[in-house]
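Visitor: I am new to reading protein models, and I would like to learn how one looks at domains, cores and ligand shells. Could you take me through an example?

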Amino acid sequence: MNKVAIVGGGISGLSAAYFLGRKSIPCRLFEHRSRLGGTILTENLHGCLVEAGPDSWLAEKSWMLAFVAELGIADQVIGSNDSRRRTYVVRKGRNVPLPDSLRLLAPTKPWQALTTRLYGPATKLRMALEWFRRPSSQSDRSVADFVREHFGQEAVEYLAQPILAGVYGSPPETLSARRVMPRFVGYERRYGSILRGVYKNRNRNPRKPLFLSLRGGMGSLIETLDRRVADTCEIVRGRVRDLSRVANGWHLGLEGGSASAEHVILAIPAHEAARLINSAAPRLAGLLAQIGYTSSVVAALAYPRSGFDHALNGFGFLVPRAENGSLAACTWVNTKFDSRVPSDRVLLRAFLAGEAAERAATASDETVLSDTNAELRKWMGFGGTPTFGRVHRWDRAMPRYEVGHGQRLREIEARVPTLPGLHLAGNGYDGLGIPDCVRRSERIAAAIATP
Ligand SMILES: Cc1cc2nc3c(=O)[nH]c(=O)nc-3n(C[C@H](O)[C@H](O)[C@H](O)COP(=O)(O)OP(=O)(O)OC[C@H]3O[C@@H](n4cnc5c(N)ncnc54)[C@H](O)[C@@H]3O)c2cc1C
């Protein structure tokens with residue numbers, strides 16, 4: 001019997017294998033795709049570096065930089081071009097800049113909130129009055145309710161919804177405020193006002209980039225991990241079909257075989273973990289199955305630079321649901337990071353979420369690219385025909401963290417110890433960003449190493 005089996009070769013599974021290897025604990029990792037990385041995939045197409053999934057991580061999650069340094073690739077870390085950081089939001093068909101230095105939805109320079117064209121005088125007045133709210137502690141509520149209470153409905157439609165749609169692909173009416181914006185909920189409890197909290201805790205070193213990435217793209221993190229785990233982790237290609245308990249551990253039913261291990265780390269989406277453990281632990285499986293996931297589609301389109309009549313003066317734009325588009329967001333890759341696009345090209349990365357992503361899941365690549373091109377032209381107003389495009393579909397890859405997620409997570413965490421040797425990694429629990437996945441896997445490896 002092996003000591004540890006890991007199911008899933010995304011960042012969660014690979015980082016778990018790495019942290020185990022650091023403690024000289026060997027493992028076997030099962031991945032059903034022909035490549036490692038899960039939603040992390042970088043492609044080099046016609047001289048452009050195209051990220052199929054994540055393109056960076058949040059710099060404030062400082063342990064990620066330490067992890068990357070430990071892997072020996074600190075010299076490959078690059079920051080986003082923050083001197084040109086500006087995000088636009090479509091309002092009545094036009095791109096309006098988000099106030100500079102916006103922390104999610106509250107500007108660190110309050111006067112900017114009062115001069116923006118993104119929302120009207122009534123919302124500005126609410127923002128001014130929000131400064132004087134008294135501290136309060138409330139039970140979990142939706143992001144929409146939370147934001148509406150502080151800033152009004154217009155802020156839900158033109159700030160919270162478009163900003164969060166790109167990350168969670170879910171409407172603010174269902175997302176849990178405690179899970180999705182814990183810092184702001186903390187400010188409400190401590191100061192009463194989010195604006196006051198943001199102002200008091202503002203970044204005093206604003207020149208640090210907001211996003212970090214790797215020169216060769218996020219895929220180079222996966223390549224590095226693949227090399228670093230080679231001595232301690234055997235990678236097995238194939239789908240794990242089910243799990244059952246045996247004396248001292250777990251039996252894994254595989255496509256054409258089986259395996260057993262003392263510990264099993266499920267580094268897969270919660271809905272897939274639910275499917276695997278359904279017969280061994282039906283109640284836990286029931287809880288895991290309640291964690292909703294959304295699908296997303298990323299369409300990257302490249303254009304010749306000559307004749308592309310748009311300044312790309314920012315990192316991209318967001319499309320609020322209220323504007324009735326099929327895109328949730330678009331990244332202007334040329335501006336966000338250096339050296340990803342040759343100087344004679346423009347690369348736009350568009351994100352489809354919600355119903356548009358569901359339609360695109362079954363449409364042909366040609367249809368998705370042609371619809372996306374038409375919509376990009378509508379919102380950005382440029383002329384030009386794409387020279388190439390690429391579509392990536394991510395089926396039920398992003399957890400939704402709906403209202404009640406915290407309570408569900410507590411029930412899950414209480415049930416797992418009754419199943420010795422079972423560990424839940426991945427993005428379904430306490431954070432969906434790459435750094436959160438790495439940190440959860442590190443904790444699991446530490447727990448296995450010190451029983
Ligand atoms: C479009 C998009 C953009 C994103 N942008 C960012 C960003 O900019 N920054 C950021 O920090 N995060 C971003 N994220 C989120 C982040 O990428 C993910 O949360 C994270 O990569 C999840 O990693 P994971 O290893 O937990 O899961 P996954 O990447 O989903 O990997 C799970 C792996 O398990 C395998 N698997 C599943 N079931 C089985 C089975 N039964 N047997 C064997 N193998 C199995 C799958 O094939 C897959 O390889 C983005 C996500 C998406 C989809």
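Visitor: How many residues of domain 2 are in contact with domain 3?

Guide: Two residues are in contact if their C-beta atoms, placed from the backbone, lie within 7 Å. In this predicted model, 16 residues of domain 2 are in contact with 12 residues of domain 3. On the side of domain 2 that touches domain 3, β7 (87-91), β16, β18 (327-332) and β19 (345-353) each supply at least two residues, where a strand is a DSSP run (E) of at least two residues and a helix a run (H or I) of at least four, both numbered from the N terminus. That side divides into 11 nonpolar, three polar and two charged residues; Ala, Val, Leu, Ile, Met, Phe, Trp, Tyr, Cys and Pro count as nonpolar, Asp, Glu, Lys and Arg as charged, and the others, Gly among them, as polar.

Visitor: What should I know about the numbering and the confidence limits?

Guide: Residues are numbered from 1 along each chain as its sequence is written. Because the model is predicted, local features need pLDDT of at least 70 and side-chain atom pairs count only at pLDDT 80 or more, while totals for chains, interfaces and linings use all residues.

Visitor: Which residues are closest to the ligand?

Guide: A residue is near a molecule if its C-beta atom, placed from the backbone, lies within 6 Å of it. Here 36 residues surround the ligand, and the closest are Gly8, Gly10, Gly38, Pro54 and Gly433. By class, the shell has 17 nonpolar, 14 polar and five charged residues.

Visitor: Which residues have the most contacts inside the largest nonpolar core?

Guide: A nonpolar core is a set of buried Ala, Val, Leu, Ile, Met, Phe, Trp, Tyr and Cys residues joined through C-beta atoms within 7 Å, and a residue is buried if 20 or more other C-beta atoms lie within 10 Å of its own. The largest such core has 130 residues, and Ile6 and Leu352 have the most contacts inside it. Helix α6 (residues 153-168) gives the most to this core, with nine residues.

Technical notes. A residue is buried if 20 or more other C-beta atoms lie within 10 Å of its own, exposed if 12 or fewer, and partly exposed in between; C-beta atoms are placed from the backbone.
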